[in-house]
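The sequence and the model are shown first, and the description follows.

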Amino acid sequence: MKRTIKLVVLAGALLAAAAMAAPSHKSSEFNFLFPQYAAIYTNVTQVNFFDSATGTEGALKAVGGYYASTKTALLQCMDDSANLPDNYTINGSSTTANLYCSFVPNAITKDQGFSVSGYQDAADPDTDGELLIITNASNFATNVSVSGSITDASIEVIPGYVKSDGSVAGAGDTTAQDVSSAGFVQSQAYDTQYASAKVIPLLFYAQVDVLNVSEITTAETMTVTWGMASP
């Protein structure tokens, strides 16, 4: 009986020693997986062509081939053109001849949410506005959703700015796109002083085929909402 008691006491002592030795870790592991995000903003609230609105005229006015949004400039575009057809058929159905005139906005309204400066050799004004993209994604792309329509003109947007020499420059491809379906990618954005803030400059113009346009008796309106295609 005494031997049995001694064995029980010894086993308890061994268990206590093992429990005290268990906390042997000297380091802690922390895991942090911040979500990928992307948000897009614009500082352009309204762009007007051929009306009495007040605002900043489009920056493309300093670039050759773009006309002011006035009747005088429209007539000048037709006078300047070598593309007017020299043959017309009575009651004909052919519509192959086109004469496109490009008009800068007569008034651009911007909010004060953000401004951008520092484009190299920029004219004044140098852009019509910007898209601000705040993202930690390694790749991104923008898209648009549209309400309303403008039937007899296309509103074009160029991802670029006007330089003081009257040329258009950009971070990447500066090909014009129809604003109703426009999309831009990371290579067309400029870095800013903030690691996750990117800027895409914007230039707008209206392209009208003056040989095939109807009279517009009431103002047409199209609203474009910029969005992120990814992530």
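A salt bridge is counted here when a side-chain nitrogen of Lys or Arg lies within 4 Å of a carboxyl oxygen of Asp or Glu. The model described is a predicted one.

**Salt bridges**

By that criterion, the structure contains 2 salt bridges. Side chains of opposite charge can pair when their charged atoms come close. One of the pairs is formed by the side chains of Glu57 and Lys61, with 3.6 Å from N to O. This distance counts as a salt bridge because the N and O atoms, 3.6 Å apart, fall within 4 Å. Asp191 and Lys198 form a salt bridge as well, and their closest N and O atoms are 3.0 Å apart.

The surroundings of these residues can be described by their relative accessible area. Glu57 is partly exposed, at 28%, and Lys61 is likewise partly exposed, at 44%.

| Salt bridge | N to O distance |
|---|---|
| Glu57 and Lys61 | 3.6 Å |
| Asp191 and Lys198 | 3.0 Å |

**The disulfide**

A disulfide is a covalent bond between the sulfur atoms of two cysteines. The structure has 1 disulfide, which joins Cys77 to Cys101 with a distance of 2.0 Å from S to S. The link of Cys77 and Cys101 is left-handed, with -100 degrees about the S-S bond. It ties together distant parts of the chain: Cys77 belongs to helix α2 (residues 71-80) and Cys101 to strand β3 (residues 100-103), the two cysteines being 24 residues apart. Cys77 and Cys101 are both buried.

**The chain as a whole**

Helix α2 and strand β3 are among the 2 helices and 13 strands of the chain. Of the 231 residues, 30% count as buried. Among contacts in the chain with a separation of 6 or more, 79% come from residues 24 or more positions apart. The chain exposes about 14,600 Å², and carbon and sulfur atoms supply 53% of that area.

Methods: Residues numbered from 1 in each chain as written. Predicted model: local features only at pLDDT ≥ 70, side-chain atom pairs only at ≥ 80, totals over all residues. Heavy atoms only, no water. Helix = DSSP H or I, 4+ residues; strand = E, 2+ residues; numbered from the N terminus. Buried < 20%, exposed > 50% of the residue type's maximum accessible area, 1.4 Å probe, protein only. Contact = heavy atoms within 4.5 Å. Areas by Shrake-Rupley, 256 points an atom, 1.4 Å probe, with all protein chains shown as cover. Disulfide = S-S within 2.5 Å.
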